[in-house]
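Here is a friendly walk through a few local features of one protein model. Please keep the sequence and the structure in view as you read.

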Amino acid sequence: MCGIIASTGEAASLNDLVEGLARLEYRGYDSAGVAVTREDGTMDRIRAVDGTASLKLLAELANDKSDGYIAGLGHTRWATHGRVTTDNAHPHFDCTGGLGVVHNGIVENFRELKNELEGSGHVFSSQTDTEVIAHLLEDYLKDGAILKDAVAASMSRLRGAMSFVALDANYPSVLVATKRMAPLVVGSGSHVNFVASDIPAILGKADTFYQVGDDQVVVVSPDGISLSDLFGNPMELAEIEVQWDLEAAARGGFRDFMSKEIFEQPAAVRDTLLGRLNQEGEIVLDEMRLDPDELRKINKIFIVGCGTSYHAGMVAKYAIEHWTRIPVELDISSEFRYRDPVLDKETLVIGVSQSGETLDTMAAMSEAAKLGAKTLVVSNVMGSSMARAADAVLYTRAGPEIGVAATKTHTAQIAALLLMALYLAQVRHSLDPHEVARVFSDMVMLPEKIQKVLTSDASIEEVAQAMVGVKRFYFIGRHVGYPVALEGALKLKEISYLPAEGYPAGELKHGPIAMIDADAVVFGMATRTRLWEKTISNVEEVRVRGAQIILVANEGDSESAALGDAIFEVPETHPLLAPVLDVIPLQLFAYHLAVSLGNDVDRPRNLAKTVTVE
Ligand code: F6R
C-alpha cells in the first residue's frame, strides 16, 4: 500500500525520486520521505507528513539539495503501524544513521524482533514495524556481512508480505532490495537504474523493466543489476514487457480503477488480516484503543453506516450476535441520529466508513458519543476525521480506493468487522479459543479463494453482455446472503443506472413477487448454508413465474446449478465469511454490464466518492 522508488547511477537525481513519489501518491499519502547518499559518504534524510503538502516540500528541497546525489530511497506512506508522524515516516535508519530502509507491507513478527533488538541495545526512533529491518541489517553488517547477504538473512527472519530497499552510506551507490507477496520491479535507463514498487513511478525514466520474484534479492548499482535467491544462488533476470502510457500505468494496466480495485481484493483482505494473530493464537487489534475490560462491560451494540458500508455492517450484525450473544441493532446513519436511540455508557456504537468522512455517519457517531456510548470506527483512511474522534478505531488496509463504487474497501470492511467480532468473543470468552483460531484460519484462506472467484471474470462478462436490454433485476438471499443481495443490487444501480432491488428471500411472497415476470432477472444467493433449501424454494417460486435465474453457488454444486440459467461459482468457506466471496461475482457482473452499456464506471453519474453533506 505504500509506494517505493529508489535510484542510482550517473543520471540519477533527487528530482526523479520526488517525481516518482508524486506518481505513487495513490498508494498512500500520509507522509513522504527520501534519503540520499552523497559523494562525501554521508546520508541525508528529508521527511514530512500530510500527503500532498509533504510532496511539495520534498520537491522544493530537491531543487535546493540535489547536488552530490549518488543514490536515493523514496517512500510515500499509507500508515499501518504507528501514527502519521514525521518520526514514523520512511526512510528509517539503523542506530548509526548510515543505513536507510524503505518498506511496503507488514512485518508480522516485528514485536518479537523489536524486543530482541532492543534487548541487545538497539535504540528505536519510531513505532513502525519497518524500523526492525534497519536494525536487523545493522547487526548482520556489524558481523561482517555484505548488504546483499544481510538483506537475505534478514528477509528469512521476517514474516509477512512485504518488499523493502536498503541503502548503506558505506557503499553509497548500491541499492539492495527484496520482496515477498508485494510488488517490486527494477528498471534500467540511460545511466540510471531504479527499484520501485510500481511501474508508473519509473515509466519514461527507465526503458527496460525486470521482475523480482518472491524471496529473491536484487542488487542494483550504476554498473548493473543482479538477482539471487535468499541462499545467494544467482537467478536469471526476466524482462517485463511494458506498453503502457502514464495514465494507463496508474491503473496498473487495467481499463479503469474499478476493475483494478476489484482485482486488488485478495491483497486488501490479506493486508487487513495481517499481523492480527499473535503466537499464542489470539487475535490482536493494536490500533483499537478500547480496553478489554471496557469491552467486557458492553451490553448492546449499534452499527451505523451508509450504502456499501451499511451492508458490511449488516454482515457484522449476524457474526457479532452469533459469536458474542450481544444484541446488535443496525442503522442507516442518517436515520440513527434523528430517531432518539436509547444508549448509555455500556453501549458500543460502531461506525463503518471507508472514507471516515461521511457526514451522516460522522454525525451519528458524535450523537452516540454525546449520549455517553463508546464509539468505534472502521475506516480505510488513517487519521480520518472519524478515526480521530472515535474512542477506538480499526483500520481496513485496502489501500486508496479511487473508483466511486466501493469494492475492495467493502470486502476489507467485512474482514475487519469479522475480526472485531472474533476479538469481542475472545475477550468476553463467549467462544472457545480453538474456535476463534479455527475461524481465523478460515479467514486467512479468503484471499486465495477470492483469487479463484476472480478467475471467472471472463464467463461473468459473457453473462453480463447477454443481459444488455434487461430492464429489471432482483437480488434475493437469506441470513448473510441478504446483505450480499443488497450490495449486489446497489452496485448494479450505481454504475448501470438500472432498477435493481435486494430482498430477504423469505420476504418475496409478502409483496415483491408481484413484480416478477419473464422480463425480470433474479439473482439468488445459493451457497450451501443451513438455509440453502429455503432459499432454493424461493428461487423456484420466481423461476416458475418466468424470471431468468442467476445463482451464486458453491463450486461443483450440481443441484443448485440445475436451477439456474447461469451459475457464478464460489469456493466453500465458513458460512459467516461467505459474503466476502459471494459479493465478488456480483461486483464483476455490475462492472461488465455497466461497461457494456457504455457507462463511466469510475465516475458514475450523480455520485461522489465521499458524501460530506446531509
Ligand atoms: C457505494 C458507495 C457508497 C458508500 C457510502 C459510505 O459503492 O461507495 O454507498 O459506501 O457513501 O461511504 P463511506 O464508507 O466513506 O462512509
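## A cis proline and some ground rules

Pro91 lies in the loop between β4 (69-77) and β5 (92-93). The peptide bond that leads from His90 into Pro91 is cis, and its omega is near -5°. Helices (H or I, at least four residues) and strands (E, at least two) are DSSP runs, numbered from the N terminus.

The model is a predicted one: local features need pLDDT of at least 70, side-chain atom pairs count only at pLDDT 80 or more, and totals for chains, interfaces and linings use all residues. Residues are numbered from 1 along each chain as its sequence is written, and side-chain values use heavy atoms, with hydrogens and water left out.

## Two loop residues with positive phi

Asp215 sits in the loop between β11 (208-211) and β12 (216-221). Its phi is near 55°, a positive value in a residue other than glycine. With 26% relative accessibility, Asp215 counts as partly exposed; buried means under 20% relative accessible area, exposed over 50%, and partly exposed in between (1.4 Å probe, protein chains only).

His479 belongs to the loop between β21 (472-477) and α18. Here too phi is positive, near 55°, in a residue other than glycine. The relative accessible area of His479 is 28%, so this residue is partly exposed.

## Helices α18 and α21

Helix α18 (residues 481-496) packs against helix α21 (residues 578-596) at an angle of about 20°, with the axes 9 Å apart. Axes are lines fitted to C-alpha atoms, for helices over the stretch in contact, and angles run from 0 to 180 degrees between N-to-C directions. The two helices are therefore roughly parallel (angles under 35 degrees count as roughly parallel, over 145 as roughly antiparallel, 65 to 115 as roughly perpendicular and the rest as oblique). Residues of α18 in the contact (heavy atoms within 4.5 Å) include Val484, Leu492 and Ile495, and among their counterparts in α21 are Val583, Leu586 and Phe589. By class, the contact of α18 with α21 has eleven nonpolar, three polar and three charged residues; Ala, Val, Leu, Ile, Met, Phe, Trp, Tyr, Cys and Pro count as nonpolar, Asp, Glu, Lys and Arg as charged, and the others, Gly among them, as polar.

α21 is mostly covered, with 17 of its 19 residues buried. After α21 comes Gly598, with a positive phi near 80°.

## Helix α8

Which helices and strands do the buried residues of α8 pack against? They meet α7 (257-263), β20 (392-395), α14 (408-427), α15 (433-444), α16 (446-454) and α21. Seven of the nine residues of α8 (residues 265-273) are buried, so this helix is largely enclosed by the rest of the structure. Among the buried residues are Pro266, Val269 and Leu273. Just after α8, Gly275 has a positive phi of about 70°.

## Ala368 in α12

Ala368 is part of helix α12 (residues 359-370). Is Ala368 buried or exposed? At 0% relative accessibility, Ala368 counts as buried. Leaving out residues up to four places away in sequence, Ala368 touches Phe336, Leu343, Val349, Ala373 and Thr375.

## Helices α3 and α4

The axes of helix α3 (residues 110-119) and helix α4 (residues 131-142) come within 10 Å and cross at roughly 45°. α3 and α4 are therefore oblique to each other. In this contact, Phe110, Leu113, Lys114 and Leu117 of α3 meet Val132, His135, Leu136 and Asp139 of α4.
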